[in-house]
Amino acid sequence: MREKRIMNYRELFSGIEEKIQLEDGSYRVAINLDNAATTPPLKKVDEFIYTNILMYGSVGRGGQKSHYCTQAYEISREEILSFFGISKEDGYTTIYVKNTTEGINLLSNILCRDKTTKVLVTRMEHHANDLPWRRAAQTFYIEVDSEGKINLDELENKLRRSIGTISLVSLTGASNVTGYITPIYEIAQIVHRYGAKLVVDVAQLVAHRAIQVKGTGKGDHIDFIVFSGHKMYAPFGCGVVIGPKEIFDLAPPYMIGGGIVTAVFDNDVYYKRAPEKEEAGTPNFLGAMAIVAATTVLQKIGFEAIEKHEKALTIRLISGLSQYKEVILYGDQRGERVGVVPFNIRGITYDKVGEFLEKKCGIAVRTGCFCAQPYVARLLNISDDERYQKMQDFNATMPGMVRASLGLYNTEEEVDTLIESIGKLIGGKK
């Protein structure tokens, strides 16, 4: 019997074997452990982009290339829905945007009638899933515990006490700070029990776990999801909003301009229906193609295999960092999480850690608050007053952390290099 070949995931990616120059002048293959920020492209994505560049034309315009792109663009909407286990027959539609941030701004504009609309979010959110709701609605918050997890009893209590006045709940599928995976289907059941709709920011989840928008059919469906292609190995400036078509049809367009109208008269405008109504201007055809190509590869690999690989790396990283008494790890070390590991080193500021890893070791991590300042402050147990005082002192280092985040192409050797590098830094601490 032929032995099954173990897949080398690195073979699937572009650019990850490129060398960079270190501070001492030497060259080393870069180690990217900042995948929660953005990811490299899959080779199949590059190939698909190149194929479609040869036939590139403006979507919705004239000419044979334009007709090709228009047809491919519309088919891609259905392929995206299929990736999440739904179809247009289920009432959902795909809307293309630039990224998750624009997607949530779109939703906050069309779902919030005015500032009297009540929206419930959590204190673990990326700013992209917090600030748009603050501007558009009356916003309430679910707190997090010392490990950065939310309490579902608090969620239900807030919905119960609102007596049906909270119309939306918006939260992350997985934290970009701790990697904590929220129980979105259980949350969906609670949210729908009280007549609200659920928005899930799946930017940090989409490349790591299978997402079934329909749930099990027991009230655990997700109403809206938002994500970015650059978080799932398709970094070509495109994102996606998925939601019920009828809701988009009834709302005024988020952004207005060319391509979204049926007719424009001197004193009147007739808009198209969704999804075209929400995509003013020339669409990012190649970005949409990139996302479709990425979903195809992820499905072929299988999320069971992806989860197994990334979970092993995450456990290895946490275990390796835990051997150093100077390292402080944040978040739940035992529960379900994606490969995001935040930490600090006693006696060394996070920015110095990041600088050492980048310049001397060729390792990219993220430092700071990762666009989630309220969440990081809670994990660090630092009050708003303390943060404000530090902000007034130009010589002070603002509170923050170091974050290592793993992708499908990362290896045990890369994880071990980070662990060993941290050991060298601690050993050289004065």
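Leaving aside its neighbours within four places in sequence, which residues is T178 in contact with? In this predicted model, T178 is in contact with G331, R337, V340, P342, Y375 and L379, where contact means heavy atoms within 4.5 Å. The residue is found in the loop between β7 (166-172) and α6 (184-193); helices (H or I, at least four residues) and strands (E, at least two) are DSSP runs, numbered from the N terminus. T178 counts as buried because its relative accessibility is 2%, buried being under 20% relative accessible area, exposed over 50% and partly exposed in between (1.4 Å probe, protein chains only). The side chains of T178 and Y375 are joined by a polar contact of 3.0 Å. A polar contact is a pair of N or O atoms within 3.5 Å; within protein, one must be able to donate a hydrogen and the other to accept it, and residues adjacent in sequence count only if both atoms are side-chain atoms.

Residues are numbered from 1 along each chain as its sequence is written, and side-chain values use heavy atoms, with hydrogens and water left out. Because the model is predicted, local features need pLDDT of at least 70 and side-chain atom pairs count only at pLDDT 80 or more, whereas totals for chains, interfaces and linings use all residues.

The protein is divided into domain 1 (10-41 + 302-429) and domain 2 (44-300), with bounds that come from an automatic or database domain assignment. The contact between them takes 37 residues from domain 1 and 39 residues from domain 2. Taken over C-alpha atoms, the centres of the two domains are separated by 28 Å. The size of an interface is often given as the accessible area lost when the parts come together. Between domain 1 and domain 2 the buried area is about 3,200 Å², of which carbon and sulfur atoms give 55%; this is the accessible area (1.4 Å probe) that two parts lose on being put together, summed over both. Of the area that domain 1 buries against domain 2, F303, V338 and Y375 supply 24%, more than any other three residues.

Across this interface the rule finds 5 salt bridges, each a side-chain nitrogen of Lys or Arg within 4 Å of a carboxyl oxygen of Asp or Glu. The side chains of D332 and K149 also meet in a salt bridge (3.5 Å, N to O). Polar contacts across the interface of domain 1 and domain 2 involve 26 residue pairs (both at pLDDT 80 or more). On the side of domain 1 that touches domain 2, at least two residues each are supplied by α9 (303-322), β14 (340-345), α11 (373-379) and β17 (401-405). The largest share of that side, 6 residues, comes from α11.

Some local features concern loops. Most residues other than glycine have a negative phi, and most peptide bonds are trans. A cis peptide bond, with omega about 5 degrees, joins A274 and P275, and P275 lies in the loop between β12 and α8. E278 has its place in the loop between β12 (268-271) and α8 (285-301) and, at 5% relative accessibility, counts as buried. The side chains of E278 and K277 are joined by a polar contact of 2.8 Å. Phi is positive, near 70 degrees, at Y233, which is found in the loop between β9 (224-228) and β10 (239-244). F370, in the loop between β16 (366-368) and α11, likewise has a positive phi, near 55 degrees.
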